[in-house]
Amino acid sequence: MNAYIAGTGSYFPPGLLTNQMLENMVDTSDEWIYQRTGIRTRHIAGDMSVLDLAEQAAKNALEQAGHPNCDMIAVSTCTPDMFYPSVACRLGARLGIDNAFCFDLSGACTGFIQAIEVAGNAIQTGSAKTALVVAAEKLSSGVDYTDRNTCILFGDAAGAFVMSGGGSEHVKASYMASRNQDWACLYADIGGHMVMNGRDVYKFAVDVMPEAMGKVLERAGKTIEQVRWIIPHQANIRIIKAAAQRFNLPDEKLVVTLDKTGNTSSATIPCIVDEMHREGKLQPGDLILLVAFGAGLTYGAVLYEW
C-alpha cells in the first residue's frame, strides 16, 4: 500500500527572540548574526514543553486530514521533556489515540526525514494504515546563552504530517546514511549544553547534502530539472547556499525560511511544507525534495510527489 501525506500541521510558540534582544545577552550584533546565519528572529517556547508543541502541530495536521484514527505515532525529537515514557505515548494520551504503535526517534535534525521513512515503510508493508509523524523541538532548553556561536542559531517549533495508505505512489525514493566516526562534531551530554564544531559541521553538511540529493534522484530515475521545490534543513544560510552551488540549484527552486524561525532542528522541514501547503504553493504532481543533515552525523533525503 502506497503512503501519502493526508494532512500537515505546524506550530511556533508565541515568544520571540530577536537579534536585537541577543545583543543585550551576548557579545554580538544583528548585522553579525544575519551575515553569518541568515537569521533575524526565532521562536522560544518558554514554559511550554516539547509535548505541548507536539500537541499543537499534531492537532493542526489531524484537523486538516479529517481526524483519522492513527495506528502509529512517531515523534522526532532531540530535546525530550523526560527519558520515558516517550513523547509519542504521552501525545497519544493527549489526543485520545489509544492502542497505537508509539515511539520517539532521535535523529537530531535528520529525524523527521528518518521518521517519514519508517512510517512510509510501515504503511507500505501493511503494519500501519495511518501514521501521525511529528517533529517537536525545544532547542532553547539546551542552548548556552553565553556562547555566541550557538545561541544565535536555534529556535523552538513543531511540525507534523498525517500519512495514510492508498492511491498512487507518492514517495518516489529515499536515501538515509550517517558518518558515525564524526559524531563528536555535534553533541549534547545528558543535562548539558550543546557542543558544536561549526567548521567541521559546515564541511560535512556542504558535502553530504548534494550527495543525498543526487542519490535520491538517481533511485527515483528523476533529474533536478523535474523537481519543483527543494526544501533543505534550515541550519544556516551559508550552508544552504554552498550546498546549492555544488549541486547547481536554481534559486527559484530553493525554499528558505530560517530568517524568521532560526534552526528548529527536525521541525524545520515539516513546518515549511505545512506553510507552503496552506498557502497553496504545492500543486498536484509537484516533485518536492526534502534533504537534511544532523548530529550523528546523520543525513538523508526524500523525493515526494504532491
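Biologist: What makes α9 largely enclosed by the rest of the structure?

Modeller: Of the 11 residues of α9, 8 are buried, and the helix is therefore described as largely enclosed by the rest of the structure. Those residues are Thr 268, Ile 269, Pro 270, Cys 271, Ile 272, Val 273, Asp 274 and Met 276. Buried here means under 20% relative accessible area, exposed means over 50%, and partly exposed lies in between, with a 1.4 Å probe and protein chains only as cover. The model is predicted, so that local features need pLDDT of at least 70 and side-chain atom pairs count only at pLDDT 80 or more, while totals for chains, interfaces and linings use all residues. Residues are numbered from 1 along each chain as its sequence is written, and side-chain values use heavy atoms, with hydrogens and water left out.

Biologist: How do you know that Asp 274 and Arg 278 form a salt bridge, and where do these two residues lie?

Modeller: The term asks for a side-chain nitrogen of Lys or Arg within 4 Å of a carboxyl oxygen of Asp or Glu, and the closest N and O atoms of Asp 274 and Arg 278 are 2.6 Å apart. Both residues lie in helix α9 (residues 268–278), 4 residues apart, which is about one turn of the helix. Helices (H or I, at least four residues) and strands (E, at least two) are DSSP runs numbered from the N terminus. Asp 274, at 3% relative accessibility, counts as buried, whereas Arg 278, at 46%, counts as partly exposed. Just after α9, Gly 280 takes a positive phi of about 75°.

Biologist: Why is the pair of Glu 211 and Arg 179 said to tie together parts that are apart in sequence?

Modeller: The closest N and O atoms of Glu 211 and Arg 179 are 3.5 Å apart, and the pair forms a salt bridge. Glu 211 lies in helix α6 (residues 198–220) and Arg 179 in the loop between β8 (171–178) and β9 (186–188), so the contact ties together parts that are 32 residues apart in sequence. Glu 211 has a relative accessible area of 23% and is therefore partly exposed, and Arg 179, with a relative accessible area of 23%, is partly exposed.

Biologist: How many salt bridges does the structure hold, and which residues are joined into one network by shared partners?

Modeller: The structure holds 11 salt bridges. One of them pairs Lys 281 with Glu 279, with the closest N and O atoms 3.2 Å apart; Lys 281 is partly exposed at 42%, as is Glu 279 at 46%. Salt bridges with shared partners join Asp 52, Glu 55, Lys 59 and Arg 94 into one network.

Biologist: Why is the pair of Tyr 304 and Trp 306 called edge-to-face?

Modeller: A search of the whole structure finds 7 aromatic pairs. In the pair of Tyr 304 and Trp 306 the ring centres are 5.8 Å apart and the planes stand at 70°, so the pair is edge-to-face. Rings of Phe, Tyr and Trp (its six-membered ring) pair if their centres lie within 6.5 Å, and planes under 30 degrees apart count as stacked, over 60 as edge-to-face and the rest as tilted. Tyr 304 is buried, with a relative accessible area of 4%, and Trp 306 counts as buried at 15%. Elsewhere, ring pairs link Tyr 175, Phe 204, Phe 293 and Tyr 299 into a cluster.

Biologist: How do you know that Arg 40 lies over the face of Tyr 34?

Modeller: The rule requires NZ of Lys or CZ of Arg within 6 Å of the ring centre and within 35 degrees of the ring normal. Arg 40 lies over the face of Tyr 34 at 3.6 Å from the ring centre, and Arg 148 lies over the face of Trp 32 at 4.3 Å from the ring centre.

Biologist: What makes Thr 37 buried, and which backbone atoms does its side chain reach?

Modeller: Thr 37, in helix α2 (residues 30–37), has a relative accessible area of 2% and is therefore buried. A polar atom of the Thr 37 side chain lies 2.6 Å from the backbone oxygen of Ile 33, and the side chain of Thr 37 reaches the backbone nitrogen of Ile 39 at 3.1 Å.

Biologist: Why is Phe 83 called exposed?

Modeller: Phe 83 has a relative accessible area of 68%, and it is therefore exposed. Phe 83 lies in the loop between β4 (72–76) and α4 (87–95). In helix α4 itself, Leu 91 is buried, with a relative accessible area of 0%.

Technical notes: Polar contact = N/O pair within 3.5 Å; in protein donor to acceptor, adjacent residues only side chain to side chain.
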